[in-house]
Each structure stands twice: as structure tokens, then as C-alpha cells.
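I opened this notebook to keep track of what I looked up, one entry at a time.

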Amino acid sequence: MGGVSTADRAERVPKQDRSRATRQRLLEAAVSCLAEHGWAGSTVSVVAERAGVSRGAAQHHFPTREDLFTAAVEYVAEERSTALRALFPDGAAGDRHAVVAALVDLYTGPLFRAALHLWVAASNEEQLRPRVTELESRVGRETHRIAVDLLAVDEAAPGVRETVQGLLDMARGLGLANLLTDDAARRERVVAQWAGLLEETLG
């Protein structure tokens, strides 16, 4: 029974690396297209062209359009969660303002814009809706956990869970406002106000 040769193994590793790199380029291109062109303008062909790969290669990784876009938003959501945690490697209980600002930033970048297009599409696409609903629920739970950790609060205390959720709802609202106009100045004032409220409410 013949084994795998060293040459075969050496060939396989670069191929796996290339496959992962292609998948990542497709995911990043999909998010960019969705944020810029919306669902209607973001076809597999458009994404493949932006990623610099063939349509066939794109469909090898993601057989359907729905597979591609739900995976893309999930991928970037995970990247943003990692980046958010990395901002405060030693915790940030002493700087509630910085935490609020970081959470708001999570909802004002291209991820939120892309996710919004996906939500709108899901409201009209039956086969997309359950997948996006499940994804949003998972991402929402993760973001909530990150907020609780960064704020260093105890959710068992009355009102804490609702306060944290209110903060995230506020951040999402600021993200929506930012879609149409540059809302940076008002956003800074709201962030400062919320940071003060959290200090009073959460201690």
C-alpha cells in the first residue's frame, strides 16, 4: 500500500494555502460589494471579478449566492469581534467612554453597512431569511458578551442586562444615522452622554 510522498505533501500544503487565500479574498470582496452596491448589484460574478478569481472558483468555495454573502458577513463579524477584544487586552473597566466609542465604531463601519443590505434582502428572500436571522442572533449574542466583558459588569444584577442591550441598540441606531450623512459630531456627544449614564447606572 503506497503512502503519500514528500513531494505530494509539499504540493498539497501550498494548494491548501492558496485555497484559504482565495476564500478570504472572496469573503472580503463580497462584503465590499454588498456595502457599496447592495444586494441587487452584488452578484457572484461581480464579487469574483473584484476578488480576482474566476466565477467557477468562487462557486467551488460557495455553491450559492446565499452561501457567499452569509459567510462573508459572518467572517467580517468575527474579525471585528477579535479586533474589538484586542483593543482592550487587559480589560477596560476604568474607561467606559473608550468602550462605548469602540462599540459604536462596530456599527458605523462597512460591516454594518453590508449587514444592513443583507437584512433588507432577507426580508424579501425566503431562502435567505432563516440563515440571516440565525447569523444575526449569533453575532448579536457575541457582541453582547463582548460588551459585558469590556464593561466588567455583572448581568445578574437587576437592570444590567437591559442597560447593556440598550447601549447596543443605541449604537445600532447611530450606525443607521451614519448611513446617509456623516454623523460624527453628534455621535461624539451621544457617546459622551452614554458613557456618563453607564458610570451612574453600572457603578
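**Notebook entries**

I began just after H9, where Gly 203 takes a positive phi of about 80 degrees; helices here are DSSP runs of H or I with at least four residues, strands are runs of E with at least two, and both are numbered from the N terminus. I noted that this is a predicted model, in which local features need pLDDT of at least 70 and side-chain atom pairs count only at pLDDT 80 or more, while totals for chains, interfaces and linings use all residues. Residues are numbered from 1 along each chain as its sequence is written, and side-chain values use heavy atoms, with hydrogens and water left out.

**Helix H9**

I looked up the extent of H9, residues 184-202, and found that its 19 residues reach 26 Å from first C-alpha to last, close to the 27 Å expected at 1.5 Å a residue (the expected span is 1.5 Å times one less than the number of residues). The buried residues of H9 are Arg 187, Val 190, Val 191, Trp 194, Ala 195, Leu 198 and Leu 202. They fall within an arc of 145 degrees when seen down the helix axis, so they line one face of H9 (the arc is that of the directions from the axis to the C-beta atoms). Glu 188, Arg 189, Gln 193 and Glu 200 are exposed on the face turned away from that buried side (buried means under 20% relative accessible area, exposed over 50% and partly exposed in between, with a 1.4 Å probe and protein chains only). I then asked which helices the buried residues of H9 pack against, and the list is H5 (96-106), H7 and H8 (160-180) (contact means heavy atoms within 4.5 Å).

**Thr 143**

I turned to Thr 143, which is placed in helix H7 and counts as buried because its relative accessibility is 5%. Leaving aside residues up to four places away in sequence, Thr 143 touches Leu 106, Tyr 107 and Leu 168.

**The cavity**

The volume of the largest cavity is about 240 Å³, taken as the space filled by probe spheres set on grid points that are joined across faces, edges and corners. Its lining has 18 residues, with Leu 111, Ala 115, Trp 119, Glu 136 and Val 139 nearest the centre. The helices H4 (65-87), H6 (110-124) and H7 (129-151) each give two or more residues to this lining, and H7 supplies the largest share, 6 residues.

Key
On a 1 Å grid over the protein atoms alone, a cavity is a set of points where a 1.4 Å probe fits but cannot get out, and a pocket is an open set with protein on both sides within 12 Å along at least five of seven lines; lining residues have an atom within 4 Å of a point.
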